[in-house]
Amino acid sequence: MPRAVIAAGSLTQVICMVAWCATAGRWSSLIMSLVLALACAAVQLLLAMVRPGTLGFGDVTCTLMMGIAVGWFGVEAVLVWWILMGLLGLVMLGVQKRRGGDSIPFAPAIVLAAVIVVLVHAL
């Protein structure tokens with residue numbers, strides 16, 4: 001994902017969350033969201049550094065943006081998101097291997113897992 005999209009998406013989320021927190025007076029949700037998003041991005045960065053070439057910096061920044069949204073719903077939502085990311089990634093990798101490839105872009109798994117978790121928690 002282009003960094004400009006990540007930056008714009010992250011900034012837009014934070015602005016909306018700040019506006020909501022200002023009216024509702026619940027700043028802890030924003031703090032939790034940002035801390036969890038940064039932690040998730042840090043883990044992805046660590047994974048990318050441990051095995052160079054397996055994850056790119058785009059995956060790390062995508063994790064940051066999606067982590068802001070998922071982190072709003074708490075630690076449990078983040079844990080479910082990571083499990084779902086892994087499962088979706090394995091399915092995508094299995095499909096790619098059957099097609100003769102051995103790698104996949106991971107951002108679609110990051111985004112799809114985040115969308116599913118946010119929708120489930122928002123309902």
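A crossing of two helices is called left-handed if the near helix is turned anticlockwise from the far one by less than a right angle, and right-handed if clockwise. In this predicted model, local features need pLDDT of at least 70 and side-chain atom pairs count only at pLDDT 80 or more, whereas totals for chains, interfaces and linings use all residues. Residues are numbered from 1 along each chain as its sequence is written, and side-chain values use heavy atoms, with hydrogens and water left out.

**View A. The packing of α2 against helix α3 (residues 57-71).** The crossing of these helices, α2 and α3, is right-handed; helices are DSSP runs of H or I with at least four residues, numbered from the N terminus. Their axes, lines fitted to C-alpha atoms over the stretch in contact, lie 7 Å apart at an angle of about 150 degrees, on a scale that runs from 0 to 180 degrees between N-to-C directions. α2 and α3 are therefore roughly antiparallel to each other, a term for angles over 145 degrees.

**View B. The packing of helix α2 (residues 27-50) against helix α4 (residues 75-98).** These two helices meet at an angle of about 30 degrees, with their axes 11 Å apart, which makes α2 roughly parallel to α4, as angles under 35 degrees are classed. The contact (heavy atoms within 4.5 Å) joins Leu36, Cys40, Val43, Gln44 and Leu47 in α2 to Val75, Val78, Trp81, Trp82 and Met85 in α4.

**View C. The contribution of α4 to the lining of the largest pocket.** Helix α4 gives the most to this lining, with five residues.

Note on methods: Parallel < 35°, antiparallel > 145°, perpendicular 65-115°, else oblique.
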